[in-house]
Amino acid sequence: MISNEVIRRLQSILPPHCLLLVREDLKPFESDGLTAFRNTPDVVALPETEEQVRQVLAACRETGTPVVFRGAGTGVSGGALPVDGAVLLAMTKFNRILHIDPASRTARVQPGVRNLAISEAAAAYGLYYAPDPSSQIACTIGGNVAENSGGVHCLKYGLTVHNVLSIRVLTIEGEELVIGSEAMDSPGYDLSALMIGSEGMLAVTLEITVKLLPKPERTQVVLAAFDDVEKGGAAVGAIISGGILPAGLEMMDKLAIEAAEAYAHAGYPLDAEAILLVEVDGTQEEVSEDVMRVREVLLASGATEVRTARDEAEQKKFWAGRKAAFPAVGRLAPDYYCMDGTIPRKALPAVLRRIAELSVEYALPVANVFHAGDGNLHPLILYDANQPNAWQKAERLGADILELCVEHGGTITGEHGVGVEKINQMCVQFGSDELQAFHGVKACFDSDGLLNPGKAVPTLHRCAEYGAMHVPGGKLPFPELPRF
Amino acid sequence: MQTNLSKSFRNSSDGQEADSILRACVHCGFCLATCPTYQILGDELDSPRGRIYLMKQMLEGAVVTQKTLKHLDRCLTCRNCETTCPSGVQYGKLIDIGRKFAEQNVSRPLGQKLQRKALAKFLPQTKLFGSTLKLGRMAKPFLPDSLANKIPSVNTVQSHLATKHSRKMIALAGCVQPALAPQINAAATRVMDAIGINLITASNAGCCGAVSFHLNFQEDGLDAMRRNIDAWWPHIEAGAEAIVMTASGCGATVKEYGHYLKNDPAYAEKAARVSALTRDLSEVLLQEEATLRIWLANRGPKDTRRVSFHSPCTLQHGQKITGVVEALLTVAGHTLLPVSETNLCCGSAGTYSLLEPEISTQLRDRKLGHLNQSEPEVIATANIGCLTHLQSGTSTSVRHWVELL
């Protein structure tokens with residue numbers, strides 16, 4: 001529980017409509033996009049000015065109260081899951097685009113601005129913001145910075161970290177820092193890479209300057225159908241090794257196709273076992289040539305059908321289905337658990353085969369959606385949370401899938417962050433020295449551990465406990481640590 | 001989403017429906033992006049996902065107070081969230097259930113109660129509304145701007161003698177439209193006559209039921225629906241092809257009569273038939289496009305204008321009709337101007353502009369900013385509510401699109 005003193009201080013900082021204190025108002029904030037983890041916050045602060053944010057953080061620092069930051073609450077790793085005794089600080093009222101500079105191709109925005117709103121505003125100048133997570137319609141740029149979000153186009157244009165020039169942040173110590181600059185490089189250590197993706201563990205973001213790109217002269221989307229998922233996986237490798245760098249290279253399997261089609265009416269072939277969406281962009285000539293080459297590679301890889309979008313409207317439909325694929329799966333089952341692992345591209349066929357086997361073993365359907373081009377998998381485990389133990393089963397299956405990724409030389413997160421969801425798998429990914437180094441970095445910014453405690457980086461004790469329960473391949477992780 | 005509705009409620013017809021809608025929601029948050037109140041207020045509780053959660057806990061038996069009621073009241077019921085929702089959550093139906101439940105379990109402040117009751121009982125009475133409007137027009141110079149702006153000036157209607165055709169369709173006069181803008185149905189009658197269809201009006205039909213239903217006088221709303229069905233039935237049996245709506249707000253409601261009256265054994269079947277026969281005027285004209293084109297070609301160009309079109313939420317989200325009116329206006333020779341944020345509500349939303357004036361005015365001005373961006377000669381729309389609301393904030397003429405044909 002949060003102390004009355006903290007509440008009194010918050011009441012003196014924030015007007016009544018910016019401070020939620022009773023259970024009726026608080027419960028809707030109990031989870032972000034990952035609903036399997038829920039915890040009703042003790043208090044929600046919705047500041048409207050930077051001065052209010054500064055004062056809220058000061059009050060928390062002085063009273064030793066933890067703080068969890070929240071954007072639109074679309075994250076799927078539980079990064080914004082409330083923590084007991086903490087203030088949940090939502091930055092959603094900071095939703096203004098402050099300045100667009102078409103000459104230097106930059107936009108300066110507040111953290112609560114929606115990802116897509118930046119591209120919409122920049123469209124008037126023929127510019128756009130490249131990283132486009134599936135939730136881009138709703139997710140905030142501040143949340144993107146916290147999670148280092150990717151998206152369909154990050155294969156060619158990079159993640160958030162590659163598209164943010166500078167951020168202005170406020171630490172729990174009350175220090176305001178500008179990290180990065182509008183120049184390509186800055187002197188000293190590159191702290192942008194540290195801050196972007198730090199999951200609300202180091203500071204709160206107040207302002208972000210992003211890089212805008214000119215819209216390509218032409219884009220074209222090719223859809224290929226396969227009668228076998230593994231053939232689709234092999235085609236991905238063939239495209240990249242053929243020297244083509246598509247703007248987007250996405251794969252969906254049968255279940256995902258069915259759900260996405262029901263929402264978007266994109267004209268996806270419903271009889272296919274898998275489809276690939278390949279977007280190429282550039283000048284007229286480049287695109288014409290790339291489309292020809294992509295078609296050849298796809299047909300040579302055994303595609304049963306290769307279709308080029310007729311016009312811009314059809315291209316948009318092809319992507320609309322893909323971007324809505326996660327929630328559209330809600331049409332097939334009441335709940336889904338979205339995984340986010342990466343693997344080397346060459347391991348795709350083998351990993352897909354094993355996921356299919358695991359799905360049978362656990363008797364839970366798995367719909368697969370991937371950023372195939374960069375080996376980022378999003379298996380969606382379908383379950384019904386109203387059934388007893390269904391979530392526990394789904395969670396175990398998810399853990400098996402992530403560890404399968406690590407076995408194949410991959411990682412446990414591609415773009416969704418660790419949050420609370422994958423904290424145990426961090427123990428599989430990293431050794432104790434590495435984890436200790438992470439804790440050291442955290443202490444430089446937040447020595448009392450007040451920001452988003454219990455997320456992203458596990459304590460060594462937690463890893464030891466997890467290791468005791470779970471011994472992959474007979475090898476005990478962290479053998480040097482005592483067991484509990 | 002996991003649900004645990006209270007036992008007593010779960011077994012009711014509303015309970016079963018609410019449970020299946022709630023379970024379709026996966027909490028992805030996409031709806032936040034297109035919710036007008038969330039765009040303005042930035043508070044989860046004023047977003048569809050937040051309201052779904054508020055309703056869920058209420059229906060699960062948690063303590064419910066005026067806080068929940070306030071956030072449900074603030075919803076415009078524009079149903080933009082339904083268009084956005086990838087998992088197909090029927091938010092509009094859920095909030096009907098949620099509002100009914102909240103109204104029964106939370107007591108409103110007396111002032112609110114009286115205001116809502118007055119609107120629910122008064123607006124649907126076409127004659128009474130008409131005479132009050134006349135009084136209002138006389139008193140307009142003495143009224144404060146906020147009220148005076150809402151009173152449109154008198155609209156003259158040119159009488160039109162229609163030819164007798166064998167094809168007949170029923171038109172709904174509506175409740176406030178005959179007094180506020182009689183020229184709309186007159187224009188519809190003229191255009192339909194030109195393409196060989198008589199529009200007939202059933203004398204006993206009146207308000208579609210939306211006004212009282214959405215003010216949570218749901219039984220009054222259902223009675224209005226039953227009365228309209230009774231009024232239309234003889235015409236339907238006599239071979240009327242369709243029931244034509246010139247106000248998209250009424251259209252969205254009448255198209256759901258089948259849903260609203262599904263539990264009324266005496267009316268369920270008739271209501272479903274009425275809903276199936278209901279068409280927005282734009283749908284009818286699209287269907288008769290060939291005849292329409294011949295008429296327009298024979299008639300020759302009429303004063304063509306630069307037009308910004310505002311698609312009402314009840315047209316684009318409620319009835320899922322997009323691009324049709326725009327196409328018809330283009331066929332008639334008008335120039336359609338680009339408008340941004342076309343998906344967002346203008347803030348009218350039935351009685352919302354009277355009950356939540358602050359949010360409503362912000363939305364109206366935001367919408368007018370977009371509509372006036374390219375300096376149109378006329379703003380066209382498809383619903384009487386949007387029309388009067390938008391007109392109250394701009395000197396650009398706001399017209400129903402059929403008046404421009």
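In the predicted model, A:Asp101 stands opposite A:Thr106 of strand 6 in chain A.

Strand 5 (residues 97–101) and strand 6 (residues 106–109) of chain A run antiparallel and are joined by four bridges. Strands of a sheet pair through backbone hydrogen bonds, either parallel or antiparallel.

The largest nonpolar core holds 267 residues. Within it, A:Ala260, A:Ile275, A:Val329 and A:Ile381 touch the most other members. Helix 15 of chain A, residues 390–407, gives the largest share of this core, eight residues. Chain B is also represented. Domain 1 (7–107) and domain 2 (296–404) of chain B both give residues to the core, so it lies between them. In soluble globular proteins, nonpolar side chains tend to be buried together.

The surroundings of A:Ile275 can be given in detail. Leaving aside neighbours within four places in sequence, A:Ile275 is in contact with A:Leu223, A:Ala224 and A:Ala225, among others. Its contacts also include A:Met252, A:Ile257, A:Tyr268 and A:Pro269.

The domain assignment of chain B gives domain 1 (7–107) and domain 2 (296–404). The C-alpha centres of these two domains lie 28 Å apart. Contacts between them involve 12 residues of domain 1 of chain B and 12 residues of domain 2 of chain B. On the domain 1 side, helix 3 (36–41) and helix 6 (80–84) of chain B are the elements that give two or more residues. By class, that side has four nonpolar, five polar and three charged residues.

Chain B also touches chain A. Here 29 residues of chain B are in contact with 32 residues of chain A. On the chain B side, two or more residues come from each of helix 2 (13–24), helix 4 (48–59) and helix 5 (66–74) of chain B. Helix 4 of chain B gives the largest share of this side, four residues. The residues on the chain B side divide into 14 nonpolar, 11 polar and four charged.

One further position in chain B is B:Lys164. This residue is placed in the loop between helix 10 (145–148) and strand 1 (167–171) of chain B. B:Lys164 has 7 other C-beta atoms within 10 Å. A residue counts as exposed at 12 or fewer, so B:Lys164 is exposed. Along the chain, B:Lys164 and B:Ile384 are 220 residues apart. Their C-alpha atoms are separated by 28 Å.

Definitions and conventions: Residues numbered from 1 in each chain as written. Chains lettered and ligands numbered in written order. Predicted model: local features only at pLDDT ≥ 70, side-chain atom pairs only at ≥ 80, totals over all residues. Contact = placed C-beta atoms within 7 Å. Nonpolar A, V, L, I, M, F, W, Y, C, P; charged D, E, K, R; others polar. Core = buried A, V, L, I, M, F, W, Y, C linked by C-beta atoms within 7 Å. Buried ≥ 20, exposed ≤ 12 C-beta atoms within 10 Å, placed from the backbone. Domains from an automatic or database assignment. Pairing = 2+ DSSP bridges.
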